[in-house]
Amino acid sequence: MRFGVEACNDACILLSSAVNLQSQDFYEICIGGSNNKVTNIRRKHNTGNVHQINTIDIVNYTEQRTLIVRWMLNGEITLLKETNGGTEVVMKWTDPNPIPIHGVGIMTGWGADGLWTLEHSSFLIGRYCGIPTTYGNMVLLSTSENYIMVLKIHRLRVFRMDAID
């Protein structure tokens, strides 16, 4: 998922096992936490299972920063940052017991305001969940004060019709 964000701190992404985000199984990625000094990935909120790195000034209130979050079936979560020189990996972490992701939420935390731009495109060919000729799509389901966008991730199957002799 590619997105742009303008915020002073705490730009958060929720990767949930539930479409409506109401699940105990989720990852929270907090970009620019601790006054824009660190970025971390938490498996379930406040469990203590945190992967954290220093990322001084990764977000900015007056300049949109373009970031990419990728997650794989094997539990690998990658955060990338686009720069003038290209795309660089900010952090990469693999959960040994991965959670299946079905919903995505975004928010700014700890009183920070933020402006988000989400980008998503689907293709009619490729792989989704390791299955050929399928693809994923996202649909806006709702907005709320906690997570301003709830995106449903679903799998669509494309069948190829061949002539039968």
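The following conversation goes through a predicted model of a protein chain.

Q: What secondary structure does the protein chain have?
A: The protein chain of this predicted model has one helix and 14 strands.

Q: And how many of its residues are buried, as a percentage?
A: Buried residues account for 42% of the 165 residues in the chain.

Q: Where is confidence lowest, and where is it highest?
A: Confidence is lowest in strand β14, residues 149-157, where the mean is 40. It is highest in β8, at 95.

Q: Over which residues does pLDDT stay under 50?
A: Residues 122-128 form one such stretch, and the model gives it 19 contacts beyond four places in sequence. The pLDDT is also below 50 over residues 144-165, a stretch with 69 contacts in the model beyond near neighbours in sequence.

Q: How should the coordinates be read where pLDDT is low?
A: Where pLDDT is low, the predicted coordinates should not be read in detail.

Q: Moving to the sheet: in what order do the five strands come?
A: The order is β8-β7-β6-β1-β10, in an open sheet with antiparallel pairing.

Q: What is the average twist?
A: From one strand to the next, the twist averages 25°.

Q: How many bridges join β6 to β7?
A: Strand β6, residues 65-71, is joined to strand β7, residues 76-83, by five bridges, and the two run antiparallel. As one example of a partner, valine 69 is bridged to leucine 79 in β7.

Q: Now the largest nonpolar core. Which residues touch the most other members?
A: This core holds 25 residues, and those touching the most other members are Phe3, Val5, Ile13, Leu15, Ile29 and Ile31.

Q: Which strands supply at least two residues of this core?
A: They are β1 (2-7), β2 (11-16), β3 (26-32), β6, β7, β8 and β9 (103-108).

Q: Tell me about phenylalanine 3. Buried or exposed?
A: Phenylalanine 3 has a relative accessible area of 0%, so it counts as buried.

Q: What does phenylalanine 3 touch?
A: Leaving out residues up to four places away in sequence, phenylalanine 3 touches Ile13 and Ile31, then Arg65, Thr66, Leu67, Ile68 and Val69, and also Trp116, Thr117 and Leu118.

Q: How many aromatic pairs does the structure hold?
A: There are two aromatic pairs. In one, phenylalanine 3 and tryptophan 116 are tilted, at 5.5 Å centre to centre with 35° between the planes. Phenylalanine 3 lies in strand β1 and tryptophan 116 in strand β10, so that this pair links parts of the chain 113 residues apart.

Q: Is tryptophan 116 buried or exposed?
A: Tryptophan 116 counts as buried because its relative accessibility is 13%, and the cut-off is under 20%.

Q: Which residues form the edge-to-face pair?
A: Tyrosine 27 and tryptophan 93 form it, at 6.0 Å centre to centre and 75° between the planes. The two residues are 66 apart in the chain, with tyrosine 27 in strand β3 and tryptophan 93 in strand β8. Tyrosine 27 is buried at a relative accessible area of 2%, and tryptophan 93 is buried at 15%.

Q: Last topic, backbone angles. What is phi of aspartate 10?
A: Phi of aspartate 10 is near 50°, a positive value in a residue other than glycine. Aspartate 10 belongs to the loop between β1 and β2 and is buried, at 5% relative accessibility.

Q: And where is serine 34 found?
A: Serine 34 is in helix α1, residues 33-36. Its phi is likewise positive, near 50°.

Notes: Residues numbered from 1 in each chain as written. Predicted model: local features only at pLDDT ≥ 70, side-chain atom pairs only at ≥ 80, totals over all residues. Heavy atoms only, no water. Pairing = 2+ DSSP bridges. Helix = DSSP H or I, 4+ residues; strand = E, 2+ residues; numbered from the N terminus. Axes fitted to C-alpha atoms, helices over the stretch in contact; angles between N-to-C directions. Core = buried A, V, L, I, M, F, W, Y, C linked by side-chain atoms within 4.5 Å. Buried < 20%, exposed > 50% of the residue type's maximum accessible area, 1.4 Å probe, protein only. Contact = heavy atoms within 4.5 Å. Phe/Tyr/Trp six-rings, centres within 6.5 Å; stacked < 30°, edge-to-face > 60°. pLDDT = per-residue confidence, 0-100.
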